[in-house]
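Welcome! Have the sequence and the 3D view ready as you read.

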Amino acid sequence: MRVLYVCTELFPLLKTGGLADVSAALPAALAMAGCEVRVLLPAFPSISAGVELQGQAIALPATGGPDVARTAHPVPRIVPGRVRATGQAVYLLDAPAQYERPGGPYLDASGHDWPDNAARFALLSWVAAWLGCGGDPHWQPDVVHAHDWHAGLAPVYMQLLAGGGARPASIFTIHNLAYQGVFPRDMLETLGLPESLFTIDGYEYHGHLSFMKAGLQFSDALTTVSPRYAREITTPEQGCGLDGVLRHRSGQLSGILNGVDYSVWNPASDPLLETPYEFNQMAGKAGAKRALQRLLGLALRPEALLFGAVSRLSDQKGFHLVPSVLDDLVAGGGQLVVLGSGDAGIEAALRDAAARHPGQSVLRVGYDEALAHGIMAAADVLLVPSRFEPCGLTQMYALRYGALPLVHGVGGLADTVTDSTPQALKDGTASGFVFHEFSAHGLRQAMDRAFTLHRHPADWARVQRHAMQLRFDWKVAAQAYRTLYEQTAAATPGTAYASSLNGSR
Ligand code: ADP
Ligand code: GLC
């Protein structure tokens, strides 16, 4: 089973969120499950820096697709290579005018979308389709697996290129339905997209072109990153305006829970920790707490219930609820550390709140991989109060580090954290704290329950031990994707895979 995996981020080379962690771990797990995976990425400078180029560059076709594929200077091309650190096979989409810029992959240095994002990501999608339809004569995928709106046009371009003939199966994974890639209708022509598909059953979305909707409408199978989010997005409340499409395609939609890369997130072997620890040898966790309190200028209070958070500070993540519970958190004897960046208003509110409690509360604005590990190790509780959460990785990392997650009961958070109800405490399944009313009141109540449990150290230790022994293995997810690839490729007439099942290859 050959898989072309199309995405925009790859840990540790380029990361703005969980997509990067997934793109690093899932292809490796798929390889262990017997798939042959090549990852197609834009050649952003930090990606190129970590890739050893190998073999001949592949030219793009002279016709079809977005204008940028032919008119950009220099002309874009595809360069095969391998990630130096892991050996993962990749195709880099080398288009310096589109991808070699200061700032982030999606936003410029002042936080605005790059004005040519439609062309930049149409190009990625087009190249995926071209490789899918035989662009590399030496390697023909059975499946093209596209991720998020940036790759949403790949299945359409592939259908246009194949024109009803043989093509790979297309799988589209939604990591976050809230980001949709919506652009003006008058871009259709420069993107090489026909007007005939600009309909309610195609990529038209309220008079605009939607890359996300294209992915949802034209892919052979759809997945998202937790079973619960797969159900939620078919409702008007969580469907971000696409719930009708998703209900229509619910027969093709499934939720496959992300996993954790335990070679990166393991307190027993974490090179970023001074004092490793394990569920049966917890002294190192107390050491990590002391180290973090010292590093961030918090009072050295081993008994304080330390709440941590590592998050983008966008509206999605729910951190606007935190300032109004902070006084109670500190009055209860707790401490709070937040590492994150994003929305200026949320940052300011957290900064003001933290300033009211010097020595007990700290906000660190920025992106810091080492500090993220330090917080997981030091914290007693990890806050993830997201309004919605497709999967969420930090709560799973926290479980492994014995920081009990305190989460809003939505999406992947609900699928991975078991609330410490009296019953769950009794039967040993409790792993954290879940609140359902999305308000400061709901959050405060769950926080109070965390304080109550912490006053019973033996009960706390039992929940912590259980949390640390839970596993969200990529092996399980990879097996589910592999099964889906096989079923979808077998059901897509004309794929090489389907022909091989019929004995004709
Ligand atoms: P999302 O992708 O929506 O941001 P996830 O929980 O899936 O949420 O993934 C977030 C990833 O980004 C995790 O690996 C987390 O540790 C990391 N992360 C988020 N904010 C920061 C930060 N400020 N510094 C370091 N790592 C961060
Ligand atoms: C998105 C989601 C997050 C998920 C991640 C990886 O960024 O917001 O919930 O964990 O993708 O799938």
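Which residues lie nearest the centre of the largest cavity? They are Asp21, Asp261, Val264, Trp265 and Tyr397, and they belong to a lining of 14 residues. Keep in mind that you are looking at a predicted model. In this model there are 2 cavities of 30 Å³ or more, and the points below take them in turn.

**The largest cavity**

- The space in this cavity comes to about 90 Å³.
- Two domains take part: domain 1 (2-259 + 475-501) and domain 2 (283-469) each provide at least three residues of the lining.

**The second largest cavity**

- This cavity has a volume of about 30 Å³.
- You can find its lining by looking for Leu326, Leu336, Val338, Leu350, Ala354, Ser361, Val362 and Leu363.
- Sorted by class, the lining has 7 nonpolar residues and 1 polar residue, with no charged residues.

**Where the second lining comes from**

- At least two lining residues come from each of these elements: strand S15 (334-342), helix H13 (344-355) and strand S16 (361-365).
- S16 has the largest share of this lining, with 3 residues.

Technical notes
Residues are numbered from 1 along each chain as its sequence is written. Chains are lettered from A and ligands numbered from 1 in the order in which they are written. This is a predicted model: local features need pLDDT of at least 70, side-chain atom pairs count only at pLDDT 80 or more; totals for chains, interfaces and linings use all residues. Side-chain values use heavy atoms; hydrogens and water are left out. On a 1 Å grid over the protein atoms alone, a cavity is a set of points where a 1.4 Å probe fits but cannot get out, and a pocket is an open set with protein on both sides within 12 Å along at least five of seven lines; lining residues have an atom within 4 Å of a point. Grid points are joined across faces, edges and corners, and a volume is the space filled by probe spheres set on the points. Domain bounds come from an automatic or database domain assignment. Helices (H or I, at least four residues) and strands (E, at least two) are DSSP runs, numbered from the N terminus. Ala, Val, Leu, Ile, Met, Phe, Trp, Tyr, Cys and Pro count as nonpolar, Asp, Glu, Lys and Arg as charged, and the others, Gly among them, as polar.
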